[in-house]
Amino acid sequence: MRRIYFDNNATTPLLPEVLAAMQPCWLENFGNASSIHQQGQRARAAVEAAREQVAALLGARTSEIVFTSGGTESDNLALFGLVEPGEHVITSAIEHHAVLNACHRLEELGAAVTFVGCEANGMVQPEAIRAAVRPETKMISVMMANNETGALQPVQEIAEIARKADVYFHTDAVQAAAKVPIDVEQIGCDLLTVAAHKMHGPQGVGALYVRRGTLLKSMLVGGRHERGRRAGTENLPGIVGFGKAAEMAQEWFARGGDNQMRALRDRLEQAICAAVEGARINSREASRVPNTSNILFEGIEGEGFVIAMDLKGISVSTGAACSSGAIEPSHVLTAMGLGEGARSSIRFSLGKQNTAEEVDAVISVVPDVVHKLRELSPAWAGR
Ligand SMILES: Cc1ncc(COP(=O)(O)O)c(C=O)c1O
């Protein structure tokens, strides 16, 4: 059975070109980018070429790109690199745990954090951010696209609020990069997080854009790699793959890949909503990245749906997290006020490898899976 993978917001498969670019980095061009001999120089050149590719995707200067081990580290570096005890951070209730839990740690360390909620459509209101600004506010951190709903947040307006208040603005763009065009100058952010494995690059590598002149404290203590902002030998194959993935993303935009992806996603949503009674799109009214669809199926239990789909060879997900042995509904959908509906919502996230045939195959399976789960659901049976 050929599996269908619709969980690309969790991670994406490598593009073949990315794998090809990485391949020489293990056996031939394996040098340490800090070494002064030829192998080292070749590795350094490869890292710097990748830095240019990633900078080009974000509209940044190469000196503003710090390579890290991924989205989590970049988010942590932005927050811990700038915020001190006694200072204040504003973030949103719908951030990824990489930001939320870093903020909780900052609270333990003596900083204050305001978690701003969102509207029913999954969008954070800039006004709510503005209202939370205090004299001691050091940073605002609001994501660019939500990982569960795909809702694009008003980051440009929030950046403007930050600029006027003279505070740093960080945006976690892990789920936005390579799905919508990004230009750090246009957004007006000071820091921006990206991760390679959400854009058909390898796992375990990411980057933090740090605006020129931002004095960021390194979290890791060691050598002076990445201009003193991130100690540790660069992950050469990962960085090279990341660079190639960034380049491929630019080509994808140039040939209208984002519009094609949106069309596939819309076809999936329309067909499912037409075929399944009691199905609705979460964050439908928000502007969203083109690959993400979060659908609430009344009367089902999300994990049951994921398992039933898995048995049919299709990978999808819920936003639920397992905490202390119990399955907690998604904090994002809960913040949107979905209540019990948060437990009945499923995320379908497309990647560049997915085809119209796969979308049609998923469309043909979903109504039956929902029907069978509802037959088992006392809540639905009682309707
Ligand atoms: C919005 C967002 N931020 C951060 C992360 C963490 O990235 P990484 O898995 O590279 O640590 C993810 C991963 O799912 C994400 O979706």
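I take a polar contact to be a pair of N or O atoms within 3.5 Å; within protein, one atom must be able to donate a hydrogen and the other to accept it, and residues adjacent in sequence count only if both atoms are side-chain atoms.

I note that this is a predicted model, in which local features need pLDDT of at least 70 and side-chain atom pairs count only at pLDDT 80 or more, while totals for chains, interfaces and linings use all residues. Residues are numbered from 1 along each chain as its sequence is written, and side-chain values use heavy atoms, with hydrogens and water left out.

**Entry 1: Asn354**

I located Asn354 in the loop between β14 (345-349) and α14 (356-375); helices (H or I, at least four residues) and strands (E, at least two) are DSSP runs, numbered from the N terminus. I then asked: is Asn354 buried or exposed? Asn354 counts as buried because its relative accessibility is 8%; buried means under 20% relative accessible area, exposed over 50%, and partly exposed in between, with a 1.4 Å probe and protein chains only. The side chains of Asn354 and Asn8 are joined by a polar contact of 3.2 Å. A polar side-chain atom of Asn354 also lies 3.1 Å from the backbone oxygen of Tyr5. Beyond its neighbours within four places in sequence, I found Asn354 in contact (heavy atoms within 4.5 Å) with Tyr5, Phe6, Asn8, Leu264 and Ser349.

**Entry 2: the ligand**

A nitrogen atom of the ligand is 2.6 Å from an N or O atom in the side chain of Asp172. An oxygen atom of the ligand is 2.8 Å from a polar backbone atom of Gly71, and an oxygen atom of the ligand is 2.8 Å from an N or O atom in the side chain of Gln175. The ligand taken alone exposes 390 Å², of which the protein buries 85%; the areas come from the Shrake-Rupley method with a 1.4 Å probe.

I placed Ala195 in strand β7 (residues 191-195). Ala195 is buried, with a relative accessible area of 2%. Apart from residues up to four places away in sequence, Ala195 touches Gly70, Gly71, Val174, Val205, Gly206 and Phe242.

His200 is in the loop between β7 and β8 (206-210). I found His200 buried, at a relative accessible area of 3%. The phi of His200 is near 65 degrees, a positive value in a residue other than glycine.

**Entry 3: helix α10**

The 19 residues of α10 should span 27 Å, and the end C-alpha atoms are 27 Å apart, which agrees. In α10, 14 of the 19 residues are buried. Asn235 caps the N-terminal end of α10, with a side-chain oxygen 2.9 Å from the backbone nitrogen of Gly238.

Note on methods:
The expected span of a helix is 1.5 Å times one less than its number of residues.
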